[in-house]
Amino acid sequence: MTPHESQTSHHQTRVDTTFDHFHDLYAVRTLGLKTSPVRALFAVANRPEVVSLAGGMPNIADLPLDVVGDALRELIGTRGTQAMQYGSGQGEPEIREGICQVMSVEGIDADPDDVTVTCGSQQALDLVTRIFCDPGDVVMAESPSYVGALNTFASYQAEVIHVGMDEQGIDPQSLREQVSRARRAGKRVKFLYTIPNHSNPSGISQSEQRRRELVEEARHLDLLIVEDNPYGLLNLDGDPLPTLRSMSPDNVVYLGSFSKTFAPGFRVGWALAPRFVRERLVLAQESATLCPPVFSQFAVSTYLTHWDWRKQVRVFIDMYRERRDAMLSALAEHMPEGTTWTRPSGGFFVWLTVPGGLDSAAMLPRAVSDLVAYTPGTAFYADGRGQENIRLSYCYPTPERIRVGVDRLAGVMRRELDIRTTFGVAASSGPHPRDMGPGPDSV
C-alpha cells in the first residue's frame, strides 16, 4: 500500500491508502473513467436462465458464414501478404470506396478521400472528441444519449449539456437556448452529438422536417454536428431517411459502422468529414493505432464484393422487425398501468418510463434475482437523470425469450409498486451518479 497525504488549512493531515502503487501517476482525465457498480449483476445476468434485455449486441446468426468463410479463404490465398501487412493511417482505398457505396443508399455523395477508417465508430467518436475538445469544453448531446459517447466525452474532460427531445427528435429551440446560455457563461461549445436514426437508447428517429430545422439551426449557431449513424440502414418500417450529412455536407461529421449491418467482430467503422477535419483525424488515427486493422478492412471489402450485402441487410431487417414487434406486443400485454414506452421504427431499443416513482437502478438487483436484466436509464444522462427510465434491447433474444423477459420485468415492477403502496415508500430523492451505468454487454 502507498500512503497519500493531503493537507488543508482547517484540518489535520489526512492519510489515505490505496493498493495501486501508480495512483499518483495517473492523468487527471482518468478520473472520468468509472467502473459500473452493477457489473457484477450483469455477470450473473449472462447465465442462460436469465433473459437479458440489456445489451445491444447484434444478432448475426443469419449471416451466410459459408460465404464469409469462402471469401476469407480466397482473400488469404490471393492477397494474404497484403492483407496482413501494415496499411494506410487513413484506411485502404478499397474499403473507403466501398464505404462510399454504402453511404450512397442514404443519399450521401462522398469522396473516398474524405473517409477515415476507424476501429468501429466508437473510435471515430473518440478521435473526433480528441481533436476538438479541451478540458472544460462543452458538447451538446440529445437527451438521453448513448452511454459510450458520454464516457468518451468524460474521458476528455468535456462538459456535456443535454438538449431537449420530443417524439420528433432534438428540439431546435432547446438547442438554441442551451448553446446561447453556455456561450453567455463564457463556455466554448464544440459540437452537437446526435444519433438521428433509431437513437440509442430512446429508439426515437428525427423526422425529415426536424432534421432540416436542426441543420438550419446549427448553421445559424455556427455549430458543428457530429452525426452517429450505426442504425440508419436498419429502418424496419420503410426506406432510410436522408442523413444530416446529405443535407449539410460542410457542417457535419458523419460516423458509420459495419457492426450492425455486417458483423461487429471485424471492428470496421469510419468518419466522413470535411477535408480539413479529415486531415486532423488521420493524424490522430496514426498516433493512436498507426493504421486501422488492415485484415479487417480487406475482409469487409471482400464481403461487399462477393455477397449481395443489401439483401443481407433486408434479412436483418426482417429478423429485427419480428423481435421489435414481439417486444411491443409483450409490453402492451404485461406492463402495469402508467408505464409508457417509445415505438421505434428501427434500430435495437425501446425506452421505458416506469410509473409510481420506481427507481430503475435500485430495482435492477431484484429484477436479476427474478431472471431478467435491463439497463437503467441513469447510464444515458451526464447529469444523473434517468432513474425513472429503462432501456430494453430486442436485438439479440428470440421473440419467445423477449416475451418471457418482459413478463418477468412486469412482475418485478408490480411487486415494487405494491410495496410502495403498502408501506408508503417515497419516490427516489435524487439523481444517481453516472457510474450506475450498464454492464459490459450494454453497448
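## Ground rules

Because this is a predicted model, local features need pLDDT of at least 70 and side-chain atom pairs count only at pLDDT 80 or more, while totals for chains, interfaces and linings use all residues. Residues are numbered from 1 along each chain as its sequence is written, and side-chain values use heavy atoms, with hydrogens and water left out.

## The whole protein

Let's start with the overall picture. The protein has 13 helices and 17 strands; these are DSSP runs numbered from the N terminus, with helices being H or I of at least four residues and strands being E of at least two. Of its 443 residues, 55% are buried. Here buried means under 20% relative accessible area, exposed means over 50%, and partly exposed lies in between (1.4 Å probe, protein chains only).

The accessible surface comes to about 19600 Å², and carbon and sulfur atoms hold 52% of that. Such areas come from the Shrake-Rupley method with a 1.4 Å probe, and for residues only the protein chains shown count as cover. Among contacts (heavy atoms within 4.5 Å) with a separation of 6 or more, 76% join residues 24 or more positions apart.

## Helices α6 and α7

Next comes a helix pair. The axes of α6 (residues 172–184) and α7 (residues 208–221) come within 9 Å and cross at roughly 20 degrees. That angle makes α6 roughly parallel to α7. For reference, angles under 35 degrees count as roughly parallel, over 145 as roughly antiparallel, 65 to 115 as roughly perpendicular and the rest as oblique. The axes are lines fitted to C-alpha atoms, for helices over the stretch in contact, and angles run from 0 to 180 degrees between N-to-C directions.

The crossing of α6 past α7 is right-handed, a label used when the near helix is turned clockwise from the far one by less than a right angle, with anticlockwise giving left-handed. On the α6 side, the contact is made by Pro172, Leu175, Arg176, Val179 and Arg183, and on the α7 side by Arg210, Glu213, Leu214, Glu217 and Leu221. These residues divide into five nonpolar, no polar and five charged. In this scheme Ala, Val, Leu, Ile, Met, Phe, Trp, Tyr, Cys and Pro are nonpolar, Asp, Glu, Lys and Arg are charged, and the others, Gly among them, are polar.

Leu175 sits in helix α6 and is buried, with a relative accessible area of 0%. Leaving aside neighbours within four places in sequence, Leu175 is in contact with Met140, Val163, Leu192, Leu214, Glu217, Leu221 and Leu223. Leu175 and Val163 are 12 residues apart in sequence, and their C-alpha atoms are 5.6 Å apart in space.

Asn251 belongs to the loop between α8 (244–247) and β11 (252–257). Asn251 is also buried, at 17% relative accessible area. Not counting residues up to four places away in sequence, Asn251 touches Ala218, Arg219, Leu223, Leu224 and Ile225.

## Backbone details worth a look

Two cis peptide bonds deserve a click in your viewer. One runs from Ser143 to Pro144, with omega near 5 degrees, and Pro144 is in the loop between β5 (138–142) and α5 (147–155). Another runs from Asn200 to Pro201, with omega near 25 degrees; Pro201 is placed in the loop between β9 (189–194) and α7.

Positive phi values in residues other than glycine come up too. Gln157 has phi near 60 degrees, in the loop between α5 and β6 (159–163), and is partly exposed at 31% relative accessibility. Arg267 has phi near 55 degrees, in the loop between β11 and β12 (269–272), and is partly exposed at 34%.

Finally, here are two helix residues. Ser301 is in α10 (residues 294–306) and is buried at 5% relative accessibility. Beyond residues up to four places away in sequence, Ser301 touches Glu94 and Ile95.

Ala332 lies in α11 (residues 309–334) and is exposed, with a relative accessible area of 58%. Ala332 and Val406 are 74 residues apart along the chain, with 9.9 Å separating their C-alpha atoms.
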